[in-house]
Each structure stands twice: as structure tokens, then as C-alpha cells.
Amino acid sequence: MSMAGNLRRVTELGRVGGLRKVARLTRRRPRVDLSHPARSPLGSSVVNCVTYRDGVRTPGGRDLVDTVAQVRKYGDGFVWLGLHEPTDREFAGIAELFDLHPLAVEDAVEAHQRPKVERYGETLFAVFKTVCYVEHEELTATSEVVNTGEIMVFVGHDFVISVRHGRHGSLGPLREELESDPVQLAKGPSAVLHAIADHVVDDYLHVADSMQSDIDQVETDVFSADGARTDPGRIYQLKRELLELKRAVVPLARPLLDLSDRPMRVVDAEIQAYFRDVSDHLLRATEQIASFDELLNSILQAHLAQVTVAQNEDMRKITAWAAVIAVPTMVCGVYGMNFDHMPERHWQFGYPLVLCVIAVACLVLHRGFRRNGWL
């Protein structure tokens, strides 16, 4: 039976049986090769399972247990197992086969972890937050801009297990890229760990560059002629999505420093220099996110200032018109009083004269307000 075909039985066994029981059951099932780049035809969480020797992918043919035993016996290769959102039952047998720590297994199954790197004996466990930019025709107060997921990686001397959570972040193209560089892949499982970290950090930069266009659009709208009418919910939405990106990027700085500086048995010394390069890229993404955050704060403050200025302008217009209307109101109020002896009350030209005085006074006030920019 093929190595990956037997893997489905391993994931279903859990901790109930032993490796001998796994070997017996493999002889009862038809052979199914899950090492094909496509997703598992059996519908399990297994996406891919491949053995590499000297940086070259080897064809399937053995069951998983025998393959792992051969790799460990001769020490001339490693196994890369890719999973997507496995359940406890599916992952239990794999954890037993590769002797994974229960705490790391729990984190890999449950997900929703912070980026980190932990050592459990001879196994390294790393957590990366994946991000992708959600395309949208127009940014609104409810638009989703950043979608996040997770990739957990178990690294040993002879194996790599990648566990992916989320709808994005497929490692298929990355696997093909690695296979095209046998020299790098020959450096062992740590080369795969570096490639995954580099792939994740590159996505951070791509998402940050994509968000730049949204921020530029909001900035243009705010400082336009009708900037005061811009929906502030768009700015808050961008800040929330930027915070989501920040939660994925910033905590990864310390783990990358550990991978690049601290000596680790499962990390090749040559690979540590590559991790320093990834750390530099992460620093660039962090600085870009920080600048975006400051820019959005400035845009929001500018928008609030514009709203305040617009409100003051409206109040000035209302006040100016109230002053203009006060003139005829005052005159009409005076002549509306019931007194017998009032000037020009019985004069033939008294009525048109009062109207002319009211019109002239209103025109003078209106011109003065227009000259001062109140109207």
C-alpha cells in the first residue's frame, strides 16, 4: 500500500491501537496514493504526504509506518505531511507515530493561537498566522479587508508536519517551488520551515501593499471638497482590519529572532541566516503597519476637524440669516403695537417707506455677511 494511502488508517486509529495494528490494517485496504498534489480523494484532512531524499521527491510505494522506519533507520531523508483542519481523531494516530507532545497537538487541532515557536524535546513546534487580502469593489463600513488563518508546523530530524487552518494559505505552490530547488531542500526539514515562514511573511507584505490603495482612497475622499460627508465608518473599518493584520504580524518578531539566533538541533546552521532575512522582511511589514495606523489616526482626526469646521460654517450661515431676518421682525414688531400716536402711521407714504427701510437694511446686512464669508 502507498505511504499516504496508509495514512488515513493511522489518523483513524488514535491511541487505541499500536503501530502493529496499523501495519495489519494496511494489508486489508486497497492502495490509494494520497501523495498526489490534489486534495485527498478519501475526503480526510490529509492534503499531501511525500518523502524527500537528498532534496528530491521519492515515489510512493511503501506504507507510512515502513517509510518512517526506513527514513529513521538510514537517516537519509525526511517526510513532509500536510494536513488541513484535522480533527482530534484524525490527528491522534499521527501524534503517536511521530511522538508529538500533547500540548502541541492540542494547539494544532484547536487553532486560534498566537504566533510562537516552542521546543518539545527533539521536536520544534511553530505557529504562523496567515493573512490574505479580500478583494472588494468599494470599501464600506462593513467590508472585510483582511482574512486570517493559521499554519502550525512540527519539525523533527526526519519529518515535517504542516497543519493549516482557514480557507487560504495553501502550501501547494510552495511545495512545488521547493522541489525545484533540490539543493535548498536537501538541507532538511528546517528548509521547509524557513520556506513556510518566508511565504507567510511575504503574504504580510502583499496584504499591506494592497491595503495601501484603500487607505489612499479614504484619504482622497476625506480631503476632497465633500470630505466632511465621508462616512467615518470606513475609516474605523480600516483600523479594525489593520488591527487584525497587526495581531498576526507583530507577535512573530520574537519567534523569528529565536530561530535566527538561538542554536537549535533541528534547525540547520545555514538555515538560520535565511531566518534573519525573513526577520528583516517582517520588520518592514511591522513598520509599514505602524505607519498605516498613524496615517489612519491622522485621517480620522482630519475628518473630525472637517466635520467641526463644517458645523461652524453652518452655524455662521444660520446666524447670518437670523440677523437678516431680525431687521423686518423688529420693525414689524414695533408697528404691530396698538398705539394711537405713532410716527408716519397716518402718512400716505409711510407703508412703502418702512418697506424700503427694511429692504435696504437687509441688503446691507447680507452684503456684509457675504464679504466676511458668512454667507
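Contact here means heavy atoms within 4.5 Å. The structure is a predicted model: local features need pLDDT of at least 70, side-chain atom pairs count only at pLDDT 80 or more, and totals for chains, interfaces and linings use all residues. Residues are numbered from 1 along each chain as its sequence is written, and side-chain values use heavy atoms, with hydrogens and water left out.

The chain has 12 helices and 7 strands. Helices (H or I, at least four residues) and strands (E, at least two) are DSSP runs, numbered from the N terminus. Of the 375 residues, 46% count as buried. Buried means under 20% relative accessible area, exposed over 50%, and partly exposed in between (1.4 Å probe, protein chains only). The accessible surface comes to about 20000 Å². Carbon and sulfur atoms account for 54% of that surface. Areas come from the Shrake-Rupley method with a 1.4 Å probe; for residues, only the protein chains shown count as cover. Among contacts between residues at least 6 apart in sequence, 68% join residues at least 24 apart.

A nonpolar core is a set of buried Ala, Val, Leu, Ile, Met, Phe, Trp, Tyr and Cys residues joined through side-chain atoms within 4.5 Å. The largest one has 59 residues, and I196 and Y204 have the most contacts inside it. Helix α8 (residues 189-222) supplies the largest share of this core, 16 residues. Beyond four places in sequence, I196 touches W80, F128, I151, V153, S162, L171 and L174. Apart from this core lies another, of 26 residues, including V71, A111, V127 and M152.

W80 also takes part in ring packing. Ring pairs link W80 with Y52 and F78 into a cluster. Rings of Phe, Tyr and Trp (its six-membered ring) pair if their centres lie within 6.5 Å; planes under 30 degrees apart count as stacked, over 60 as edge-to-face and the rest as tilted. The charged end of R175 sits over the ring of W80, 4.0 Å from its centre. This term requires NZ of Lys or CZ of Arg within 6 Å of the ring centre and within 35 degrees of the ring normal.

The structure holds 5 aromatic pairs. One of them, F91 with F154, is tilted, at 5.9 Å centre to centre and 35° between the planes. F91 lies in helix α4 (residues 88-98) and F154 in strand β6 (residues 146-155), so the pair ties together parts 63 residues apart in sequence. F91 is buried at 0% relative accessibility, and F154 is buried at 1%.

Helix α5 (residues 102-110) has A104, V105, D107, A108 and V109 buried. Its buried residues pack against α4, β4 (116-120), β5 (123-133), β6 and β7 (159-165). A111 follows α5 and has a positive phi, near 65°.

R234 lies in helix α9 (residues 232-249). R234 is buried, with a relative accessible area of 14%. Its side chain makes a polar contact with the side chain of D221 (3.1 Å). A polar contact is a pair of N or O atoms within 3.5 Å; within protein, one must be able to donate a hydrogen and the other to accept it, and residues adjacent in sequence count only if both atoms are side-chain atoms. The backbone oxygen of L139 lies 3.3 Å from a polar atom of the R234 side chain.

I271, in helix α11 (residues 269-335), is buried at 0% relative accessible area. Beyond four places in sequence, I271 touches Q184, K187, S190, A191 and H194.
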